[in-house]
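Please read the following report alongside the sequence and the coordinates.

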Amino acid sequence: MYLVGLAVCALVAPIAASVVVKLVRERTASRSLARATRLRPDAIKLVADAVTTGGLPAIGTRDGRVLDRLVVEIVPLLRGADKTALVLVLEERGTVAAARKRTYAASALERAHAAEMLGALGIRRALPELARLLHDRSEEVRIVAARALGKLGGARAVPFLLASLEEPRPVPVSIVSMALLHSGPAGIEELRAGLGSGSSTARATAAELLGQFGAIAASDDLIVALADSDERTRAAAAVALGRIGSPRAVEPLVRLLGEIVTIDERRCAISALGAIGSPAPAELLAAMLDSNEAEIPRRAAQALGRMGDAGRRELRARSLEVGPAGAHAREALGSDSDTQATRRLTTA
Amino acid sequence: MPARILVVDDDLNLREIVVLKLQCAGFDMFAESDGETGLAAARVLAPDLILLDWMMPKMTGIEVCHALREDEKTSATPIIMLTAKAQVEDLQRGFMAGATDYVVKPFNPTELVARVSAALERAA
């Protein structure tokens, strides 16, 4: 009997505990929501300068924390003087200083919240704290810190973001790339310097971003990067040169195609040549229509299609052929030309 | 009599900021949180100007814009699109749907008040 009771208790106790935890969580969430609903008008009135900061709940209290969170949600919606004024309110309340302190908190959640707040408010002098959090022991904190640095904008965060790609605690490349993109083109010089980084991931990311920003000034650095020891960097440099559209890159890209490189690099180099649009490599690309490598003939045909008269001449010549090369050529020439070529083929 | 303005946006914070800022500038404000109720409200209220978000539940701002232009009652009402979509193609789509003006998010409330006033003056 005793054993049966014990077994029942063992079964019921965890269920009861989880029900209690769920109830407590729901109650906390509901209180927090009620608090936010009550305080939202005050937060909104701050935008219209219709409430004095002296009348607001003190920092550190539950109401104060909720109000600060509401203001932090509002700031990214705004531009101009109203945004600056709201940030100033949080500065005066001591919220910003408290957030900078909380980047040292024992709890990872606290550190992440602090980083998020500093990024949303665009507190540029918090750069050292955010840069430190890029190497935090918690991956979530590292990710939040990278995003926050991206929101700060400007050039100063770029070297820190590129360095965060290195081991032993790297920030995921996609997160760093997005943060760098958000930082804007002000950091082009820092990205150029990043092409000389010891980390191949950092070099490849820097090359990619220089292309995204269309950094013409970085063309020569990217041409040098086509000979990088790392294949991802070479491929990223090829893509970037295509985006920039620098005619100086044609010869180095053709040279790259002549070397023993990965298929990915070849694909990138071919597309880059198409994007630049110089007619010089038209013959070489036409020869690639016969390649057995995956995607290469299609990319070559697409590149020729973007090359103007010289490219289209090559495509028209090949479009009469039966087989994959002819099909790719016809596809690149477009539906009208496709129909004409098919008609000619049928007549032949 | 103050001009009547309807703001349709699913973001509560943004809606309230716009309402408060324009109220302070002397306008009579109405607000809705989705495209469908926004369209219904526009037909009932016949506001002097409509501020319209692009991405909204139930009906997008573009769909609302088309519907408003097809309705005799609202066909001439100035519509300002208030949206994060800032590409030239988006602007084109907005204007082709019948938008009068465009304000990109994040937005400057002072600029919004100026654009609203200018659009109302042009429509008068």
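Ser138(A) is buried, with a relative accessible area of 13%, where buried stands for under 20% relative accessible area, exposed for over 50%, and partly exposed for values in between (1.4 Å probe, protein chains only). Ser138(A) sits in the loop that runs between helix H6 (127-133) and helix H7 (139-152) of chain A; helices (H or I, at least four residues) and strands (E, at least two) are DSSP runs, numbered from the N terminus. When residues up to four places away in sequence are not counted, Ser138(A) touches Ala108(A) and Arg111(A), a contact being defined by heavy atoms within 4.5 Å.

This is a predicted model, in which local features need pLDDT of at least 70 and side-chain atom pairs count only at pLDDT 80 or more, while totals for chains, interfaces and linings use all residues. Residues are numbered from 1 along each chain as its sequence is written, chains are lettered from A and ligands numbered from 1 in the order in which they are written, and side-chain values use heavy atoms, with hydrogens and water left out.

Leu67(A), in helix H2 of chain A, is buried with a relative accessible area of 0%. Leaving aside neighbours within four places in sequence, Leu67(A) is in contact with Leu39(A), Asp42(A), Ala43(A), Leu56(A), Pro57(A) and Arg93(A). In helix H19 (residues 324-333) of chain A, the buried residues include Ala325(A), Gly326(A), His328(A), Ala329(A), Arg330(A) and Leu333(A), and just after H19(A) the residue Gly334(A) takes a positive phi of about 100 degrees.

For chain B, Ala40(B) in helix H2 is partly exposed, with a relative accessible area of 40%. Ala40(B) and Leu68(B) are 28 residues apart in sequence, and their C-alpha atoms are 9.8 Å apart in space.

Charged pairs come next. Side chains of opposite charge can pair when their charged atoms come close. A search of the whole structure finds 28 salt bridges over all chains, a salt bridge being a side-chain nitrogen of Lys or Arg within 4 Å of a carboxyl oxygen of Asp or Glu. Three of these pairs are set out below.

| Asp82(A) | Lys21(B) | 2.8 Å |

The salt bridge of Asp82(A) with Lys21(B) crosses between chains, from helix H3 (residues 81-93) of chain A to helix H1 (residues 12-24) of chain B, and both Asp82(A) and Lys21(B) are buried. Glu251(A) and Arg255(A) are separated by about one helical turn because they stand four residues apart in helix H14 (residues 250-258) of chain A. Glu251(A) counts as exposed at 58% relative accessibility, whereas Arg255(A) counts as partly exposed at 47%.

Asp34(B) counts as buried at 8% relative accessibility, while Lys58(B) is exposed at 60%. Elsewhere, Arg79(A), Asp101(B), Glu111(B) and Arg115(B) are linked in a network of salt bridges.

The last topic is the surface. Patches are made of residues with over 30% relative accessible area and no salt bridge, like charges being joined within 9 Å and nonpolar side chains (Val, Leu, Ile, Met, Phe, Trp, Tyr) within 5 Å. A positive patch is formed by Arg27(A), Arg31(A), Arg62(A), Arg65(A) and Arg69(A). Helix H1 (2-47) and helix H2 (62-74) of chain A each supply at least two of its residues, and the largest share, three residues, comes from H2(A). Arg27(A), placed in helix H1 of chain A, is exposed with a relative accessible area of 53%.

A nonpolar surface patch of about 370 Å² is made by Val4(A), Val8(A), Leu11(A) and Val12(A), with accessible areas taken from the Shrake-Rupley method with a 1.4 Å probe. Among these residues, Leu11(A) is in helix H1 of chain A and is exposed, with a relative accessible area of 61%.

Conventions:
Lys and Arg count as positive and Asp and Glu as negative; His and the chain ends are not counted. The place of a charge is taken as NZ of Lys, CZ of Arg, CG of Asp or CD of Glu.
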